[in-house]
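Grab the structure and follow along.

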Amino acid sequence: FGVYLGEVFLAFIVTMFVPKLTTFFPATIMAMLVVVAVEYGLARQFGADTPLLGDYGGVEVKYPWTTVLDSEYALPSLASWETWKIVTGYGSALFATQFIETAIALNVVNRLDESDGPGFLVLFGQGLSNILIGFMGGMGSSGVVSMSVLADRTFGTTCLSTFMTGAMLFIFMAWGYPIINYIPLSAISGISIAMACSFIQWRSLVAVFTAFLPNNQRLLLPPQFNVDGLDV
């Protein structure tokens, strides 16, 4: 257990502080590589094995790939009004959920970068991709705040970064998925903790404590810490 915690801490440190030193190489990938090196180069050499992703089911891809047009899928008739009622009801709920989540992710990234991203293009591209995913028998997706913040913190803010994310995900899910099963769980845990910490506005936590100071002392603090107790 101590080795596992050590690897989690190592992945956390690399993810949090490497972007402050260099942006040439993604910090999350570096964190994974460092933990993999420690796990297989040191820990397992001394019999201190830690869990791998493969120990919890891992990733498995079945071939050949199928689409909704294959005979194994029993699609209902589109000429039926009952079918359209079901599709419209569930489709509208999923559309609203994914639209809101993507809009929130766009808003968060815009605030972090102090920029105005191409919201229409993002939503339009998301709609096209979800149509294609549906025909392939997959599940639709949307923008995720946590992944967006992680990409922003590691300076993956260009269109090339989003393209490479999709391309690498496709490559690993199609052919390189056996490699994923050998990644230590501690690496994912450390990266996830670092990602959660990046959400926290530490300045606001300080303001919570300074709000309980007497007014004459609070007036001497910078404006961002001079917050009234009722406002907190």
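**Helix 8 and its neighbours**

**Exercise 1.** Work out the handedness of the crossing of helix 1 and helix 8, then find their angle.

*Solution.* Start with the handedness: the two helices cross right-handed (the near helix is turned clockwise from the far one; left-handed would be anticlockwise by less than a right angle). This is a predicted model, where local features need pLDDT of at least 70, side-chain atom pairs count only at pLDDT 80 or more, and totals for chains, interfaces and linings use all residues. Residues are numbered from 1 along each chain as its sequence is written, and side-chain values use heavy atoms, leaving out hydrogens and water.

Next, the angle is about 45 degrees, and the axes lie 7 Å apart.

Last, look at who touches whom: residues in helix 1 including Tyr4, Phe12 and Met16 meet residues in helix 8, among them Ile191 and Cys197 (contact is heavy atoms within 4.5 Å).

**Exercise 2.** Which residues make the contact of helix 5 with helix 8, and how do the axes cross?

*Solution.* Take the axes to begin with: they come within 10 Å and cross at roughly 90 degrees. That makes helix 5 roughly perpendicular to helix 8. Now the residues: Val145, Ser146, Met147, Val149, Leu150 and Arg153 of helix 5 touch Ile191, Met195, Ser198 and Phe199 of helix 8.

How values were computed
Axes are lines fitted to C-alpha atoms, for helices over the stretch in contact, and angles run from 0 to 180 degrees between N-to-C directions. Helices (H or I, at least four residues) and strands (E, at least two) are DSSP runs, numbered from the N terminus. Angles under 35 degrees count as roughly parallel, over 145 as roughly antiparallel, 65 to 115 as roughly perpendicular and the rest as oblique.
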